[in-house]
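Subject: Structure handover

Hello,

Here is the structure I promised to pass on. Please open it alongside this note, which says what I found.

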Amino acid sequence: MTLSEKCRALERLLASMPPASVLQKPPSNSAADLDTLGGRAPFPMDLMLARLGGFTEILSDTRDVGTPIDAAIEQMLLADLGLVAAYLRCQADDLSARLNAAISELREAQSELADALLATLATPPEAAGGSGHTAGKPDTLTALGVKHRTDKALHHKFTEDYNTVLEPVRFEVTSLLEIGVCKGRSVRMWLDYFPNATITCIDNRDVGAFLEGLDRVEFLQCAQSDYRTDRVFDIIVDDASHRVKDQQDTFSNLLGNWRRCYIIEDLQTSGDPEYGYDGTNSTIAFLQDFQRRNESTFHVKIITKDSGSITSIVTRR
């Protein structure tokens, strides 16, 4: 069964589920009630969709398994398909315990898989000046991105480009600002990748709960357009609203607040009216113009991935 076939199987399973209104609060455990659901036991739809809803998007551009990263993604998909089947077999009276156990087992298996990928790298600190990547093996940042399930590695595959720039200075970086936190998956990736760095995060929502228990992390609830600071970071990553005005204003506001590189992600929204594009103000054009005006002091690299996602890396010369 190919990856695309597994994706379609997952879509069919999700499409075949009863409506959320029926599933969220099952009336009882009686056989009659279960029969009204077509023989399926009730389970919390919101939790199911939160766990599995993004897999079709994440895997829509996955090629045939041929690299360790693709193999890792396939194993994760297989585990999730198994988890869906487990949901459908669950009885209402023991769902909670079985659900928690299934999720725990899945997390454990995925962590072990990512650790195995990292072990293949065998990149000691003294070798940090190298690329951290050899033929047939994932680079360090991508392997960590897979471990922590960030879309920077799984869907967009930005991490392989970031690693090329960042690996030589990986152990020298002491500070990183990430604008846009979501569930903190990339924060965990950065923590593992930069062992000597403090990660500062801002988000317009209170997402501090996703960062609880993490050392070397600072969180500030703030809209990116309102953020100002006197601090100077080694690296800044903008993965926040993706709106063209926010991207451009934040870049301009923080131009003097970074030393090594500034990353603006998801530039595929740059030509989308829903993100504030008016036909003349794309962030890609903004960066290209910035490069022309500052060619002697900055280098701008705009990267388009096979998935259609676009990122940019601005470095000082």
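I start with a helix pair. The axes of helix 8 and helix 10 come within 7 Å of each other, and the crossing angle is roughly 135°. On the helix 8 side, Thr140, Leu141 and Thr142 make the contact. They meet Thr159, Glu160, Tyr162 and Asn163 of helix 10. By class, this contact of helix 8 with helix 10 has 2 nonpolar, 4 polar and 1 charged residues.

Please bear in mind that this is a predicted model.

**Overall**

The chain has 13 helices and 7 strands. It runs to 317 residues, and 46% of them count as buried. Take the contacts between residues at least 6 apart in sequence: 62% of these join residues at least 24 apart.

**Glycine 145**

Stay with helix 8, which spans residues 140-147 and holds glycine 145. Is glycine 145 buried or exposed? Its relative accessible area is 0%, so glycine 145 is buried. Leaving out residues up to four places away in sequence, glycine 145 touches Thr150, Ala153 and Met189. Look also at tryptophan 190, which is 45 residues from glycine 145 along the chain. The C-alpha atoms of the two are separated by 8.7 Å.

**Helix 10 and helix 11**

Helix 10 covers residues 159-166 and helix 11 covers residues 185-193. They pack at an angle of about 30°, and their axes are 14 Å apart. Helix 10 and helix 11 are therefore roughly parallel to each other. This crossing of helix 10 and helix 11 is right-handed. Helix 10 brings Thr159, Tyr162, Asn163 and Leu166 to the contact. Helix 11 brings Met189, Trp190 and Tyr193. The residues of this contact of helix 10 with helix 11 divide into 5 nonpolar, 2 polar and no charged. Note that Thr159, Tyr162 and Asn163 of helix 10 also take part in the contact with helix 8.

An open sheet of 7 strands has the order 3-2-1-4-5-7-6, and its pairing is mixed. Which strands are at the edges? They are strand 3 (217-221) and strand 6 (298-304), each of which pairs on one side only. On average, neighbouring strands of the sheet are turned by 15° against each other, direction ignored.

Strand 1 is mostly covered, with 5 of its 5 residues buried. Ser175, Leu177 and Ile179 point one way from strand 1. Leu176 and Glu178 point the other way, and these too are buried. Strand 1 pairs with strand 2 (residues 198-203) in the parallel sense, over 5 bridges. Leucine 176 has isoleucine 199 of strand 2 as its bridge partner.

At the other end of the order, strand 6 and strand 7 (residues 310-316) run antiparallel and are joined by 7 bridges. Valine 300 has valine 314 of strand 7 as its bridge partner. Isoleucine 302 has serine 312 of strand 7. The hairpin of strand 6 and strand 7 has 5 residues between the strands. In that hairpin, glycine 308 takes a positive phi near 95°.

**Helix 12 on the sheet**

Helix 12 (residues 244-253) lies across strand 1 (175-179), strand 4 (233-238), strand 5 (258-264) and strand 7. It runs at about 175° to strand 5. Which residues of helix 12 are buried? They are Val244, Asp246, Gln247, Gln248, Thr250 and Phe251. Their cover includes strand 1, strand 4, strand 5, strand 7 and helix 13.

The axes of helix 12 and helix 13 come within 9 Å and cross at roughly 25°. That makes helix 12 roughly parallel to helix 13. From helix 12, Val244, Gln247, Gln248, Phe251 and Ser252 meet Thr283, Phe286 and Phe290 of helix 13. The residues of this contact of helix 12 with helix 13 divide into 4 nonpolar, 4 polar and no charged.

Over to you.

Best wishes

Conventions: Residues are numbered from 1 along each chain as its sequence is written. This is a predicted model: local features need pLDDT of at least 70, side-chain atom pairs count only at pLDDT 80 or more; totals for chains, interfaces and linings use all residues. Side-chain values use heavy atoms; hydrogens and water are left out. Axes are lines fitted to C-alpha atoms, for helices over the stretch in contact, and angles run from 0 to 180 degrees between N-to-C directions. Helices (H or I, at least four residues) and strands (E, at least two) are DSSP runs, numbered from the N terminus. Angles under 35 degrees count as roughly parallel, over 145 as roughly antiparallel, 65 to 115 as roughly perpendicular and the rest as oblique. A crossing is left-handed if the near helix is turned anticlockwise from the far one by less than a right angle, and right-handed if clockwise. Contact means heavy atoms within 4.5 Å. Ala, Val, Leu, Ile, Met, Phe, Trp, Tyr, Cys and Pro count as nonpolar, Asp, Glu, Lys and Arg as charged, and the others, Gly among them, as polar. Two strands pair if DSSP finds at least two bridges between them. Buried means under 20% relative accessible area, exposed over 50%, partly exposed in between (1.4 Å probe, protein chains only).
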